[in-house]
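Hi,

Here is the structure I promised to pass on.

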Amino acid sequence: NIENTEKLQYSGERLYKFTVTAYDCGKKRAFDDAEVEIQVKPTCKPSWQGWNKRIEYTPGTGSLALFPNIHLETCDEPLWNIQATVELQTNHVAKGCDRDNYSEKSLRKLCGAATGEVDLLPVPSPTANWTARLSVHYSQDSSLIYWFNGSQATQVPMGSGTGALEGLSDHFTLSLWMKHGVTPSKGKREEETVICSTMQSEDGYSHYSLAVHGCRIAFLYWPLLESARPVKFLWKLEQVCDDEWHHYALNLEFPTVTLYVDGVSYDPALIHDNGLIHPPRRESSLMIGACWAEEKNKDKMKGNENATDVGQGDPLPLHHYFHGYLAGFTARPGSLESREVIECLYACREGLDYSDFDSLGKGMKVHVNPSQSLLTLEGDDVETFNHAIQHVAYMNSLRFATPGVRPLKLTTSVKCFSEESCVSIPDVEGYVVVLQPDAPQILLSGNSHFARPASDFEGPEGVPLFPDLQISCSISHQVEAKKDESWHGTVADTRMSDEIVHNLDGCEISLVGEDLDPEREYLLLDGASLRQRGLELINTSAYLSVTGVESIAVYEEILRQVAYCTRHGAALYERKFRLSCTEMNGRYSSNEFTVEVNVLHNMNRAAHPNHIMSSQQFMHRGHHLPPELSGHSLVNVHRNSSMYPLMGLILLPMVPSAATIIIVVCVGFLALMVILGVLRIHSLHRRGDGQECTGEASGSQGGGRANESEMFWDDSALTIIVNPMESYQSCQEQAAEAAESKAREAAEEEEDSSDSESPDSPSSDATDDQRIVSNRDVPCRY
């Protein structure tokens, strides 16, 4: 009984050596000693080895192996069966998993469904207001979810134009998303109605209802209230009460009814001929979230003295309220939805995948559930099993996957040859982190300003707003730059932009400023061509929107056809329009592309605004258009404005502002002052020259008179400056008066000189007369 005194640890001494010697009863020692070695091995725990708890996934990279280096440690325990289950939890993502981020109607188009479906729970609008009072939630995929709290319902009005009230007969499909759990207060006793409808046909009234009862779902169909008996189809499914999102599609082709849950078809478990059910009231009605009481309840109400009579048109007494979430509720009257379309509507774009079936070992089995959230492996050889589980992958086919965490769990069960010593494998728990994808950049470009004559806008086709529109979609992503040996500096990471082919799901044209005046202007787009492509058009005075999934090329073609039109004689001069587009149900948006439109009006028109008339004051009255240009209009104001600045067409919005007027007046006043200054200097210079000439002439004339007292006055150098604005006749009259005055003065001087005693001294009167003559005897300049 030899024992160690301390526990042997693998982290301490790993090898112990000692010898054992034997002695007999006579104390005689054995010839040889025995050598003993003890090796300390690590503690063996059967488990999975070589796995990472955190796994990062980059959107757009395809499949990613979850356990590339994992292997099973069995501690040399022989096994004859191994079964492992990999579970991916995606219930918290949107409606159960990552799907295309499009509206239900757009998704139906992508799946190839035929047109004609009716949206029973549409987005609240003026034309569909029966959902306005319901509680609304938005999922991660931007889809609209309605919450029914067990005490509210909505009735689709008869005049809604849905067509579901009249079109549903014995051939139709109901499709919806539902999240329902058993309410503790209600338990499993009370039935909850999802939809209840009574409709009138040529033969009479028919009735149907879809309801949940605990974990059962029931469909009641009454072909004809007057004669036929009602039939009730029942299914018992765990999906009805697990409080998770599931997709339901019910095809009715009476007497055959097929229910699809998450793309898997189920035949009814029970079919009841409920002949004892009282018929509902014979009045067309469609209710979602509850149903009205039967005729027997109405009879009880009549028997009550305090109750009022419920007749035709009275409010319906409701019961069997639904408690849960509904989304994407549509009806397709007159035809059935194909299995392929139903599977496409539900299909998840993320899940578990096995990528190496070709090298799957002998005896291995792989099974994946329809939602791809559960993958099961089964085998009998450990090495083959390790190779198989290393090829289990996570796959997300969405280019713009929903980011977030997806919990992951690996559960393993083994069977050993010895039941007593069989090992147990602990579970492995980790998570997949879907990284944020690179957002697409939608770019709208084109001509942002143009001008056209008013006659073009008044035409039947108007003027296109975006004739050269270009739409592009690209993704910018980080790229590691390759090392360049010739460059000795630091090479940083760069971003590259890759253009991709993608779809748009809506574009909207709004106005910058006031809304359109329908009496004077409107936007024009052919709605028939849009309906042929499966697109919807909303054209109001505030905006124009086109919705529906289509390629970028189709949206370019459609938007280039949008035209702006004005009524004849409308005094409109300038408008600004803003265009923006979205994709993936509004998850990503484009830039806002603004276009400015100028309307050119002819000045010869009878009616002009006051501010346009005031702008004409800047034109000189003497300027007129040449006859060959009158009546013509400018096609391009930027091209022709410099060539013909004073033509009969002006750009009405370009009216001179107050600042422009002040600048023009100041410049004109400054030019006038400069001209006046130049004239003033020139006048002073001429006056100085005249005074010098006058002084010299006076000196010479004084000397001459001293020598020759009989000499006549020499006025040949004198000139007369007159106002140049006077007429030619006025100049002639002044010249004649000057000549007569000279002759008269000459005669008087002769008389004075003959009577004078001193001829060398002219009198002061003669001097004054000479000064007067010199001021008047001036030749006239023309």
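First, the ground rules. This is a predicted model, so bear in mind that local features need pLDDT of at least 70 and side-chain atom pairs count only at pLDDT 80 or more, while totals for chains, interfaces and linings use all residues. Residues are numbered from 1 along each chain as its sequence is written, and side-chain values use heavy atoms, with hydrogens and water left out.

**Disulfides**

There are seven disulfides in the structure, a disulfide being a pair of cysteine sulfur atoms within 2.5 Å. Three of them are described here.

Cysteine 44 is joined to cysteine 75, with an S to S distance of 1.5 Å. The link is left-handed, at -105° about the S-S bond. It connects distant parts of the chain, 31 residues apart: cysteine 44 sits in the loop between strand 2 (34-39) and strand 3 (47-49), and cysteine 75 in the loop between strand 6 (71-73) and strand 7 (79-88). (Helices and strands are DSSP runs numbered from the N terminus: H or I of at least four residues for helices, E of at least two for strands.) Cysteine 44 is partly exposed at 39% relative accessible area, and cysteine 75 is partly exposed at 22%. For the burial words, buried means under 20% relative accessible area, exposed over 50% and partly exposed in between, with a 1.4 Å probe and protein chains only.

Cysteine 111 and cysteine 344 have their sulfur atoms 2.1 Å apart, and this link is left-handed too, at -75°. Cysteine 111 is buried at 14%, whereas cysteine 344 is partly exposed at 31%.

Cysteine 215 pairs with cysteine 241 (S to S 1.7 Å), and here the link is right-handed, with 85° about the S-S bond. Both cysteine 215 and cysteine 241 are buried.

**Cores**

Which residues touch the most other members of the largest nonpolar core? They are Ile195, Tyr208, Phe219, Trp235, Ile288, Leu326 and Phe329, out of 40 residues. Strand 12 (residues 171-181) gives the largest share of this core, four residues. A second, separate core has 38 residues, including Ile442 and Cys473; cysteine 473 is buried at 2% relative accessibility. By nonpolar core I mean a set of buried Ala, Val, Leu, Ile, Met, Phe, Trp, Tyr and Cys residues joined through side-chain atoms within 4.5 Å.

**A buried asparagine**

Asparagine 386, in helix 5 (residues 382-389), is buried at 6%. Leaving aside neighbours within four places in sequence, asparagine 386 is in contact (heavy atoms within 4.5 Å) with Trp48, Ile70, His71 and Leu72.

**Backbone**

Most residues other than glycine have a negative phi, and most peptide bonds are trans. The peptide bond between phenylalanine 254 and proline 255 is cis, with omega about 10°. Aspartate 243, in strand 17, has a positive phi near 60° and is partly exposed at 42%. Histidine 320 also has a positive phi near 60°; its place is the loop between strand 23 (318-319) and strand 24 (323-333).

Cheers
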